Amino acid sequence: MKIVFATNNKNKLSEIRGILGAGFEVVSLAEIGCNDDIPETGATLIDNAIQKAQYVFDKYGYSCFADDTGLEVDALGGEPGVHSARYAEGTDHDSNANMEKLLRKLGDNTNRKARFRTVIALLEKQENKEGGVGIATLHTFEGKVEGTIITEKRGNEGFGYDPIFMPEGYDKTFAELGIDMKNIISHRARAVKKLAGYLMKN
């Protein structure tokens, strides 16, 4: 099955392909000729995911899915949340700057409870009776994993906040556990498995 994933993030693309497996041909934005900087101006993760998927559907006419992921830290009132990728001022996907700001704001706070949340919006192209493309049907999927924020970065695999996030039930960060294990237990894995389950039934 061929499906467009509304991203040009190589890390995300590799992760999604690894989770979905050989039964799906996941196509990136670049592979459909889209190198646009798609807006992410929503107030929530699901708003952003829908916005990205809608952009691709409206401009290119493909069924596609988009995701947005946020790290929610209880002691910071849910920050960085929807702003996770651009948490540090004046940056865009600067993982080190984002982690440094987060650790600085947490300081020596003993409440390190946090969770990663991923939401996926799937827009499926529906043909009208005349054979032309009609509206898209929206489906959403969510995955989350609870854990804690450690006090310093550990591990070299993964991306984003992986070096400072230790999932519940493990004594290693996502960056220490490695991609294969992360693809089994992560927030994104849980959301993508729900997506895959839906796609395989339809």
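The following legends describe close-up views of a predicted model.

The model is predicted, and local features require pLDDT of at least 70, side-chain atom pairs count only at pLDDT 80 or more, and totals for chains, interfaces and linings use all residues. Residues are numbered from 1 along each chain as its sequence is written, and side-chain values use heavy atoms, with hydrogens and water left out.

**Figure 1. Overall arrangement of the chain.** Six helices and six strands make up the secondary structure (DSSP runs numbered from the N terminus: helices are H or I of at least four residues, strands are E of at least two). Their order along the sequence is β-α-β-α-β-α-β-β-β-α-α-α. The radius of gyration of the chain is 17 Å, in agreement with the value near 17 Å for a compact globule of 202 residues (taken over C-alpha atoms; the globule rule is 2.2 Å times the number of residues to the power 0.38).

**Figure 2. The largest pocket.** This pocket holds about 920 Å³ of space. A pocket is defined on a 1 Å grid over the protein atoms alone as an open set of points where a 1.4 Å probe fits, with protein on both sides within 12 Å along at least five of seven lines; lining residues have an atom within 4 Å of a point. Grid points are joined across faces, edges and corners, and a volume is the space filled by probe spheres set on the points. The lining comprises 37 residues, with Asn9, Lys12, Glu40, Ala85 and His93 nearest the centre. Strand β3 contributes the most, five residues. By class, the lining has nine nonpolar, 16 polar and twelve charged residues (Ala, Val, Leu, Ile, Met, Phe, Trp, Tyr, Cys and Pro count as nonpolar; Asp, Glu, Lys and Arg as charged; the others, Gly among them, as polar).

**Figure 3. The second largest pocket.** Its volume is about 280 Å³. Of its 14 lining residues, Lys2, Ile3, Val4, Tyr62 and Ser63 are closest to the centre. Strands β1 (2–5) and β4 (113–127) each give two or more residues to this lining. The lining divides into eight nonpolar, two polar and four charged residues.

**Figure 4. Cys34 and Cys64.** The whole structure contains zero disulfides (pairs of cysteine sulfur atoms within 2.5 Å). The sulfur of Cys34 has its closest cysteine sulfur in Cys64, at 9.7 Å, which is too far for a bond. Cys34 is buried, at a relative accessible area of 0%, and Cys64 is buried, also at 0% (buried means under 20% relative accessible area, with a 1.4 Å probe and protein chains only).

Notes
Buried < 20%, exposed > 50% of the residue type's maximum accessible area, 1.4 Å probe, protein only.
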